Amino acid sequence: ELDPTHSFAYFNKANVLYSWQRFHDAIRCYDRGLEYCPDHEESLFNKGNILRTLKDPPGAIECFQKVIELNASKIYAYINHGSALIDMKRFDEAIQSYDKAIALDPKSAQFTLTAKGIALCNLNRSEDALDCFNEVILRNQGSKITHFGRAWALLQLKKYQECADACEKAWSKDQSYSNVFDIGGIALRHLKRYEDSLEVSNRLIHLEPRNSIGYSNKGETLIDQGKYEDALMCFNKALSLDPMDQFSHYNRGFVLCLMNQPDEAIHSFIDAIELEERSVVADTAKRCNPHFDKGIYEIAIKSYIKASRQDPNNPRLYHHKGCLLAEFQKFEEAIICYNRALQIDPDYVHALVRKGFALSKMGRFQEALLYFDRASELKPHYPFTYTNKAHALQKLGKYDEAIECLDYAIELEPKFYHAHIERQIVLKGQPEEESTDFLSLSRTMYPDLASFLSEASTKSSVASRQSSL
């Protein structure tokens, strides 16, 4: 009241409001103070932390970038900048921020190394991630997050026993740490320790009864045990909790085929494929399910044939059948199905993209580009088109154009995992690898880093308040 332009009065009031968790009021006070003192480092930093809490990572990134411009040696600005970038699924940039923080203080970088390892896991750089986690454990035994991240990397590397051991270490730190249960259950199932895997799934269900993943994991283990009716009940429960759970739709179709109910199974397969094409996140969630080896494939194809006879002018059925054929590397047969779908509907974007994908897999990259270009004309904001086009361009040696496509896909959908990973491959000139390990992990819960990363925000925010006051 005495001096409306007294910036530090606003900053100190904002710090108190921040400590009371009155975040919107605090933001307003920081903004008023920054009008009169726009380069106040601690206020910009605290504002960035609040914006992360309020689920506004772009705003948080802008604040942390300004802090770094003002003070290039502020370690926590780089750490929290990296955390906000992870919120945006911009893992490459997050790693760069973490590396700068580590360079500033290499002796006490355990926290930052763990965060970097998690980002590397999201990019399927499992060996690099493992190096980060191992270094942390060598220094100070590691936190539950460190052991969780290490388990995740080991699962990607198919080191199932070591993965299970790492999960045990995470549980020894916190028996209710739910993020570990999904990974632990998968590892135990691969080790054929089915009863242990079921116990882990049941523990997850007990801790988070509204989480579909516990039921989905349990259902997969029950399939391995031959308990198909119980498995079906689990997938039904998972879908009642999360109707958008693509994996549970597929698994439900698998188990129905095993129960010799192909007519009902086809509806689950169709739901799963349509979910995949509506969700860019599901692009990394391909059907990496071993139960197709049990004859499901033939039954599912027969279901599509029967359905297409009943509705011969439905392009979706031919498209979905082509998708299933492509899953089994039957690309020529898949193209026949896509051609039939496009004969009925020449502007069917999904069929155009899928046909381009199949042509790419057959090495016909130049021809594939024609279908991607047509799809982008019809639906210019569909990110799948650009990732598939980028793959063909990469194979033709047109790396700059491939990067442009991937950047546009990421601009359309920042959470598009596959685009980030494909970009890594193009930039680093890595040989194309089979992506099954990562794809099968994509339905693993994305690690909730909020509690982990907020540790840095809390410590630095306390220091900021003390400094300002």
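**Salt bridges, rings and cores in a predicted model**

Arg-22, Asp-25 and Arg-28 are linked in a network of salt bridges. A salt bridge here is a side-chain nitrogen of Lys or Arg within 4 Å of a carboxyl oxygen of Asp or Glu. This is a predicted model, in which local features need pLDDT of at least 70, side-chain atom pairs count only at pLDDT 80 or more, and totals for chains, interfaces and linings use all residues. Residues are numbered from 1 along each chain as its sequence is written, and side-chain values use heavy atoms, with hydrogens and water left out.

Side chains of opposite charge can pair when their charged atoms come close. The count comes to 20 salt bridges. One of them joins Lys-74 and Glu-41, at 3.7 Å from N to O. Lys-74 lies in the loop between helix H4 (57-70) and helix H5 (75-87), and Glu-41 in helix H3 (residues 41-53), so the pair ties together parts 33 residues apart in sequence. Helices (H or I, at least four residues) are DSSP runs, numbered from the N terminus. Lys-74 is buried, with a relative accessible area of 15%. Glu-41 is also buried, at 19%. Buried means under 20% relative accessible area, exposed over 50%, and partly exposed in between (1.4 Å probe, protein chains only).

The charged end of Lys-144 sits over the ring of Tyr-177, 4.8 Å from its centre. Tyr-177 in turn forms one aromatic cluster with Phe-148 and Trp-152.

Now the ring pairs. Rings of Phe, Tyr and Trp (its six-membered ring) pair if their centres lie within 6.5 Å; planes under 30 degrees apart count as stacked, over 60 as edge-to-face and the rest as tilted. The count comes to ten aromatic pairs. Phe-8 and Phe-11 form an edge-to-face pair, 5.7 Å centre to centre with 85° between the planes. Both lie in helix H1 (residues 7-19), three residues apart, about one turn of the helix. Phe-8 is partly exposed at 36%, whereas Phe-11 is buried at 0%.

Next, the interior. Nonpolar side chains tend to be buried together in soluble globular proteins. A nonpolar core is a set of buried Ala, Val, Leu, Ile, Met, Phe, Trp, Tyr and Cys residues joined through side-chain atoms within 4.5 Å. The largest has 71 residues, and Cys-163 and Ile-183 have the most contacts inside it. Apart from it lies another core of 39 residues, among them Ala-341, Val-349, Ala-375 and Ala-390.

Cys-163 is buried, at 0% relative accessibility. Leaving out residues up to four places away in sequence, Cys-163 touches Ala-151, Leu-154, Leu-155, Ile-183 and Ala-187. Contact means heavy atoms within 4.5 Å. How many disulfides does the whole structure hold? The search finds zero. A disulfide is a pair of cysteine sulfur atoms within 2.5 Å. For Cys-163, the nearest cysteine sulfur is that of Cys-167, 4.3 Å away.

Notes: Helices (H or I, at least four residues) and strands (E, at least two) are DSSP runs, numbered from the N terminus. A charge sits over a ring if NZ of Lys or CZ of Arg is within 6 Å of the ring centre and within 35 degrees of the ring normal.
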